[in-house]
Structure formats: structure tokens, C-alpha cells
Amino acid sequence: MTPTVAVLDYGFGNVRSAMRAAEHVGTQAILSSDFDTCLNADGLIIPGVGAFAACMKGIDKVRGGSLVDARLIANRPILGICVGMQIMFAQGIEHGIRTNGLAQWPGVVDRLVASIVPHMGWNSVTPPAESTLFAGVESEWFYFVHSYAAQEWLMSDTDGYQRPPSVTWSEYGTPFIAAVENGPLSAVQFHPEKSGDAGLALINNWARTLV
């Protein structure tokens, strides 16, 4: 049976590209803001573009926090993309203002420390050997567009839903977190839907966890 992937429609994110990428790897993609539809889909993609605070307002309008909690309790996979990853952390800081995130992971998303911001373009990542998302992906170059990122990992090796988190790093001015795999919750700072064959291979790896 073809797995279904709901792309959360909360007013932010490159939803059409995410849907096309999900369909390309053989899933049935559904764009929806309906709580039950997103809860019951085999997989949920949470894209995100723009400011942390604005995205959180959109998430709150569709009960996104409760949706994420309910899916994780039921062990149903989620993939966050770009700001869809950032909001999984406890807080985001923009222009000195702190906004609470979904707090699935402790830590703060803050402005990158680099000579040119935003970080826009292709960059390499360093995934750990045990990564499921990056397994067999021939290229480790992905497309980034962001000014903010989580720049330290605060969870201990014993934390997580089923196993210790797998954290992938990149560097732009300073090291930052490029991806996290934490039981049913995975997220990437880059845009796999804009990252060519490598991005599609990563989404395919995630889609294979849905069945």
C-alpha cells in the first residue's frame, strides 16, 4: 500500500516543492491543515520559511504543538524542514526577542555568527555513521537558506523517544546543527526538496521508515 504523507499547511513553507518531492519518492502527498488528517497520515512533513515567531503563530493556529505531541506518542514519523526544524527547539531569538518553540528538544535557535548572513547556497554536512536519513546518500552537499540555527546540542545520550539522537553538523562561520534524527522525529535545516538527487535520496530514506 502506498504510504500517505501529509504536508502541514499552516501558512508558511515551500509546501508545493515538499509535496512534489514526497510524490517523487512514491508516497501519496496531501496538503492539509486538518488535525485528524495530519494525525492519521503515515508521515507528516512540517516545512517552514521565514521568521521563527511568525511560523509559531501559524503552528498555534492549526494546533501544531498538540499534533506533534500526538504523533510522537503514537510513534508516527515527522520530518521538519528549515524553520520546521527550528521550531522543534525550546526557543528562538530574533532581534532580541525570545519566542517559545515546541520544545521537543532543549536549546535555542539564534542568529548565525558569520561575515555574510543569510547563509544561502550549497554546503556540506557531516552525518554520523548510524544515520538513517543519510544512509547511502552519495553527496553530502545540500541547499541552505537561513539566518538562524541551533548551534549546540543539549540533550544527553540517554534522551530520546527510542534511541539516542543522531545529530548531523554543518559549518557557516560557526558549527550549527544541520539535521537531527530522534526516534520518530527527524528534522533538517537545509531544503532537501531543493537539493537535487541528494535531497530526494534523503526524503526517500525517510519515506522508507513509514512502512
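A residue counts as buried when its relative accessible area is under 20%. The model discussed here is predicted, and that cut-off is applied to its atoms throughout.

Start with helix α1, which covers residues 15–24. Its buried residues are Val-15, Ser-17, Ala-18, Met-19, Ala-21 and Ala-22. An α-helix has 3.6 residues a turn, so residues three or four places apart point the same way. That pattern can be followed along the list of buried positions in α1, for example from Val-15 to Ala-18 and on to Ala-22. What lies over these buried residues? The cover includes the strands β1 (4–8), β2 (28–32) and β3 (43–46), together with helix α6 (196–207). Just after α1 comes Gly-26, with a positive phi of about 95°.

Most residues other than glycine have a negative phi, and most peptide bonds are trans. Asn-75 is placed in the loop between α4 (64–73) and β4 (78–81). With a relative accessible area of 40%, Asn-75 is partly exposed. Cys-82 likewise has a positive phi, of about 60°, without being a glycine. Cys-82 belongs to the loop between β4 and α5. Is Cys-82 buried or exposed? At 3% relative accessibility, Cys-82 counts as buried. The peptide bonds hold an exception too: the one from Val-117 to Pro-118 is cis, with omega near 15°. Pro-118 sits in the loop between β7 (105–111) and β8.

A search of the whole structure finds 10 aromatic pairs. One of them joins Trp-122 and Tyr-143, whose ring centres are 5.8 Å apart. Why is this pair called edge-to-face? The planes of the two rings stand at 70°, and an angle over 60 degrees counts as edge-to-face. Trp-122 lies in strand β8 (residues 119–124) and Tyr-143 in strand β9, so the pair ties together parts that are 21 residues apart in sequence. Trp-122 is partly exposed, at 47% relative accessibility.

A second pair is formed by Phe-134 and Phe-190. Their ring centres are 6.2 Å apart and their planes are at 65°, so this pair is edge-to-face. Phe-134 is in the loop between β8 and β9, and Phe-190 is in the loop between β13 (185–188) and α6; the pair therefore ties together parts that are 56 residues apart in sequence. Phe-134 is buried, with a relative accessible area of 7%, and Phe-190 is buried with a value of 0%. Both rings belong to a cluster in which ring pairs link Phe-134, Phe-142, Phe-144, Phe-176 and Phe-190.

Arg-63 lies over the face of Phe-35, at 4.1 Å from the ring centre.

Terms used. Residues are numbered from 1 along each chain as its sequence is written. This is a predicted model: local features need pLDDT of at least 70, side-chain atom pairs count only at pLDDT 80 or more; totals for chains, interfaces and linings use all residues. Side-chain values use heavy atoms; hydrogens and water are left out. Buried means under 20% relative accessible area, exposed over 50%, partly exposed in between (1.4 Å probe, protein chains only). Helices (H or I, at least four residues) and strands (E, at least two) are DSSP runs, numbered from the N terminus. Contact means heavy atoms within 4.5 Å. Rings of Phe, Tyr and Trp (its six-membered ring) pair if their centres lie within 6.5 Å; planes under 30 degrees apart count as stacked, over 60 as edge-to-face and the rest as tilted. A charge sits over a ring if NZ of Lys or CZ of Arg is within 6 Å of the ring centre and within 35 degrees of the ring normal.
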